[in-house]
Amino acid sequence: MADEDQSKKKTNNPKSYQVRKECIKRKSMELATLCDIKVCTVIIGPNGELQTWPDNLDACKEVLDLYSQNLKPEKKHKESSTPVPEPEEEQGEKNLLTLVESKLAAVNKRIRFLENKNVVVVDKGKRKIIE
């Protein structure tokens, strides 16, 4: 019975990922519809595949732009106290790139954590892998 409980807890199998991914996309759609708000979901799969909801990248960029505008204070030009606007398309691409890079860093951090989870330090820094 303990083995059965352990097999239910596994979340790193492809079927579980697919089910959870579709659930997140469905919940995003429901949130957008029921609350009449703009929603964007970015999902990076176990193989590094990037997926978004909505599938239309222009709609995702619009939501990410709104998010980044509310998140960061306006940048000011060194010589003037008025903000220097960047071309809208270039700014959106930079914001999306920044977001994706931060998500990639988080994924890499999680991978390093999981790789080191089965490693124990024994005898003056020597590592031993637990099987």
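**Exercise 1. Decide whether Lys 38 is buried or exposed, and find its salt-bridge partner.**

Solution. Lys 38 has a relative accessible area of 52%, and because exposed means over 50%, Lys 38 counts as exposed. The model is a predicted one, and the values below are computed from it. The partner of Lys 38 is Glu 62, and the closest N and O atoms of this salt bridge are 2.7 Å apart. Since Glu 62 belongs to helix H3 while Lys 38 sits in the loop between H2 and E1, the pair ties together parts that are 24 residues apart in sequence. Glu 62, at 39% relative accessibility, counts as partly exposed.

**Exercise 2. Find the salt bridges formed by Lys 21 and by Lys 27, and classify the residues by accessibility.**

Solution. The count for the model comes to 3 salt bridges. Lys 21 pairs with Glu 22, with 3.9 Å between the closest N and O atoms. Here Lys 21 is buried, because its relative accessibility is 7%, whereas Glu 22, at 38%, is partly exposed. Lys 27 pairs with Glu 30, and in this case the closest N and O atoms are 3.8 Å apart. Because Lys 27 and Glu 30 are 3 residues apart in helix H2, about one helical turn separates them. Lys 27 is partly exposed with a relative accessible area of 47%, and Glu 30 is partly exposed at 30%.

**Exercise 3. Check whether the span of helix H2 agrees with its number of residues, and work out how its buried residues are arranged.**

Solution. Helix H2 covers residues 14-35, which makes 22 residues, and at 1.5 Å a residue these should span 32 Å. The next step is to list the buried residues of H2, which are Ser 16, Lys 21, Lys 25, Ser 28 and Ala 32. Viewed down the helix axis, these buried residues fall within an arc of 165°, so they line one face of H2. An α-helix has 3.6 residues a turn, so residues three or four places apart point the same way. On the face turned away from the buried side, H2 carries the exposed residues Lys 15, Val 19, Thr 33 and Leu 34. Strands E1 and E2 are among the parts that cover the buried residues of H2. Just after the helix, Asp 36 adopts a positive phi of about 50°.

**Exercise 4. Describe how strands E1 and E2 pair, and how the side chains along E1 are directed.**

Solution. E1 (residues 41-44) and E2 (residues 50-53) pair in the antiparallel sense over 4 bridges. One of the pairings joins Thr 41 to its bridge partner in E2, Trp 53. The two strands form a hairpin with 5 residues between them, and in the turn Gly 48 has a positive phi of about 90°.

**Exercise 5. Name the residues of the largest nonpolar core, and list what Cys 60 touches.**

Solution. The largest nonpolar core has 5 residues, namely Cys 40, Cys 60, Val 63, Leu 64 and Leu 99. Helix H3 (residues 57-71) supplies the largest share of this core, 3 residues. Leaving aside residues up to four places away in sequence, Cys 60 touches Cys 40, Thr 52, Trp 53 and Pro 54. Of these contacts, Trp 53 is also the bridge partner of Thr 41.

Technical notes: Residues are numbered from 1 along each chain as its sequence is written. This is a predicted model: local features need pLDDT of at least 70, side-chain atom pairs count only at pLDDT 80 or more; totals for chains, interfaces and linings use all residues. Side-chain values use heavy atoms; hydrogens and water are left out. Buried means under 20% relative accessible area, exposed over 50%, partly exposed in between (1.4 Å probe, protein chains only). Two strands pair if DSSP finds at least two bridges between them. The expected span of a helix is 1.5 Å times one less than its number of residues. The arc is that of the directions from the helix axis to the C-beta atoms. Contact means heavy atoms within 4.5 Å. A nonpolar core is a set of buried Ala, Val, Leu, Ile, Met, Phe, Trp, Tyr and Cys residues joined through side-chain atoms within 4.5 Å. A salt bridge is a side-chain nitrogen of Lys or Arg within 4 Å of a carboxyl oxygen of Asp or Glu.
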